Amino acid sequence: IAGGVTNFVRRILYVDLQCSGVQSDAFQLCVLTVCGQAFLWHQIRCMAALLILIGLGLEKPDVIDHMLDVGACPGKPQYSMASEYPLLFYDCAFEDVKWICDMDSHTEILTHFHDVWAFREIRSAMLRDIIKSTESQLVVKKEDDDPIRWANLGRPVFGHLNSYIPGLLRSRGSYRALLDRPSADTLEERLASREAKRAKVEVSDSNFV
């Protein structure tokens, strides 16, 4: 509400989820695409965080309906948003507007994107080989144990994903359900707080007149 926004209803046109690769593949990526007429501050990161918690089995799908009911849930429960790193605003359209690009400029932009992609794809392939090579190494937990290859332990590494997927490393026993967590201030409370601060500023300014 800092920018004067008091209407928090937004129209979502469609949501799509696509995953690449084999489901059991540690390198599988999933892409969540959201198309809407407008978005709230951090809206997509909050949506992604809830979907991830539901996908991990930590929350039930009906938690979304409950949180969208401002009567039953007037304040947003406290939880970590999904990482901003994979968030990309990649397209924008306006009614009765058709974009036409200069051919040379468009070619230059595409060349730049292909250059960036090639560099990162090469690095990605190199890292995959390094990971697979490291997973093939023999390891022991204790000095007198028989060596075993890491890949045969059946212990996938997920720690690197914790910053991207909130709640990934939480066990069910230590997880606190969203609806049992403290909630943020309601919209009415925030508006009242803003008006109180504005009144103090006006009083303070009047003392200097």
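The model is predicted, so local features need pLDDT of at least 70 and side-chain atom pairs count only at pLDDT 80 or more, while totals for chains, interfaces and linings use all residues. Residues are numbered from 1 along each chain as its sequence is written, and side-chain values use heavy atoms, with hydrogens and water left out.

A nonpolar patch on the surface is made up of I12, V15, L17, L32, F39, L51 and F89, with about 610 Å² of accessible area together. Patch members have over 30% relative accessible area and no salt bridge; nonpolar side chains (Val, Leu, Ile, Met, Phe, Trp, Tyr) are joined within 5 Å and like charges within 9 Å. Areas come from the Shrake-Rupley method with a 1.4 Å probe, and for residues only the protein chains shown count as cover. A salt bridge is a side-chain nitrogen of Lys or Arg within 4 Å of a carboxyl oxygen of Asp or Glu. Strand 1 (residues 12-20) gives the most to this patch, with three residues.

Helices (H or I, at least four residues) and strands (E, at least two) are DSSP runs, numbered from the N terminus. L51 sits in helix 1 and is partly exposed because its relative accessibility is 38%, buried being under 20% and exposed over 50%. Q43 is also found in helix 1 (residues 43-55), but counts as buried because its value is 14%.

E143, D144, D145 and D146 form a negative surface patch. Of these, E143 lies in the loop between strand 3 (138-139) and strand 4 (148-149).

Methods:
Lys, Arg positive; Asp, Glu negative; His and termini not counted. Charge placed at Lys NZ, Arg CZ, Asp CG, Glu CD. Buried < 20%, exposed > 50% of the residue type's maximum accessible area, 1.4 Å probe, protein only.
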